[in-house]
Amino acid sequence: MTGERVLVIEDEESYRDSLNFLLGREGFTVMLAETGPRGVEEFARRGADVVLLDLMLPGMSGAEVFRVLRERTDVPIIMVTAKDDQVDKIIGLELGADDYVTKPYSGRELVARIRSVLRRQAAGLTGIPDEPTRLSVGPLTLDAERLTVTKGDEAMSLPPKEFALLNLLAQNAGRVLPRHVIIERVWGADYFGDTKTLDVHIKRLRARVEDDPAEPTLIQTVRGVGYTFEA
């Protein structure tokens, strides 16, 4: 796998230089930006196949950059967080990043993660089947072409991963899906991250589709196993 464009948005020069060398040696086309605004401009000008985004940036935070990019594109975004900073990890997961790494990271691990998200993107491992394009279950109607869910008179557009997760659960309404099965179907078998990503996406889906997210009746937790959709 060579030639894929990696946009590195990183304010520390030492990391930019090492990433430029490392990723270039691995056959990637590397684009560098030292600030959030420059990263957004670079993406608008040249695009990218994957973005490596530092969360702690001066001026415009990595979280802000993430939101701007996500409004424009679904390319994989890997967040880079501070060493052992659980708050940073949680922020990255809440945003819906495709993966994250913590500083200092090994070059081998980083390259593996980049290639992993690129493979998932290329394979279209979203959990969204070709048929049917519309699915009605309980109070919800899911439209796989538009990535929307309708509840009553309200239609909501969902990010691809959230739609894939909801669609998978809805297609298997009444069945308990183990956590590892959900992660493999939605994020891919070679997903590197931890299971908190799944919990964050479940929380966000409940906020969208449940009458009372604190007392969910549709997306239910089966303690110690996984989740189930009750129509």
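Trainee: Is Val186 buried or exposed, and what is its relative accessible area?

Mentor: This is a predicted model, in which local features need pLDDT of at least 70 and side-chain atom pairs count only at pLDDT 80 or more, while totals for chains, interfaces and linings use all residues. Residues are numbered from 1 along each chain as its sequence is written, and side-chain values use heavy atoms, with hydrogens and water left out. Buried means under 20% relative accessible area, exposed over 50%, and partly exposed in between, with a 1.4 Å probe and protein chains only. Val186 is therefore buried, its relative accessible area being 0%.

Trainee: In which helix is the place of Val186?

Mentor: Helices are DSSP runs of H or I with at least four residues, strands are runs of E with at least two, and both are numbered from the N terminus. Helix H7 covers residues 179-187. The place of Val186 is in helix H7.

Trainee: How far apart in space are Val186 and Leu198?

Mentor: In sequence, 12 residues separate Val186 and Leu198. From C-alpha to C-alpha, the distance between Val186 and Leu198 is 9.4 Å.

Trainee: Why are H6 and H7 described as oblique to each other?

Mentor: Axes are lines fitted to C-alpha atoms, for helices over the stretch in contact, and angles run from 0 to 180 degrees between N-to-C directions. Angles under 35 degrees count as roughly parallel, over 145 as roughly antiparallel, 65 to 115 as roughly perpendicular and the rest as oblique. Helix H6 (residues 160-171) packs against H7 at an angle of about 130°, with the axes 10 Å apart. H6 and H7 are therefore oblique.

Trainee: At what angle do H6 and H8 pack?

Mentor: Lys161, Glu162, Leu165, Leu166 and Leu169 in H6 meet a set of residues in H8 that includes Leu198, His201 and Ile202. This contact of H6 with H8 divides into 7 nonpolar, 1 polar and 4 charged residues. The axes of H6 and H8 are 10 Å apart, and the packing angle is about 80°.

Trainee: How are H7 and H8 oriented to each other?

Mentor: Arg179, Ile182, Ile183 and Trp187 in H7 meet Thr197, Leu198, Asp199 and His201 in H8. The residues of that contact divide into 4 nonpolar, 2 polar and 2 charged. The axes of H7 and H8 come within 10 Å and cross at roughly 80°. H7 and H8 are therefore roughly perpendicular.

Trainee: In the hairpin of E8 and E9, which residue takes a positive phi?

Mentor: E8 is joined to strand E9 (residues 154-157) by 4 bridges, and the two run antiparallel. Thr148 has Ser157 in E9 as its bridge partner. The hairpin has 2 residues between the strands, and the positive phi, near 65°, belongs to Gly152.

Trainee: Which residue in the turn between E7 and E8 has a positive phi?

Mentor: Strand E7 (residues 140-143) and strand E8 (residues 148-151) pair in the antiparallel sense over 4 bridges, and Thr141 stands opposite Thr150 in E8. The hairpin has 4 residues between its strands, and the residue in the turn with a positive phi, of about 55°, is Leu147.

Technical notes:
Two strands pair if DSSP finds at least two bridges between them. Contact means heavy atoms within 4.5 Å. Ala, Val, Leu, Ile, Met, Phe, Trp, Tyr, Cys and Pro count as nonpolar, Asp, Glu, Lys and Arg as charged, and the others, Gly among them, as polar.
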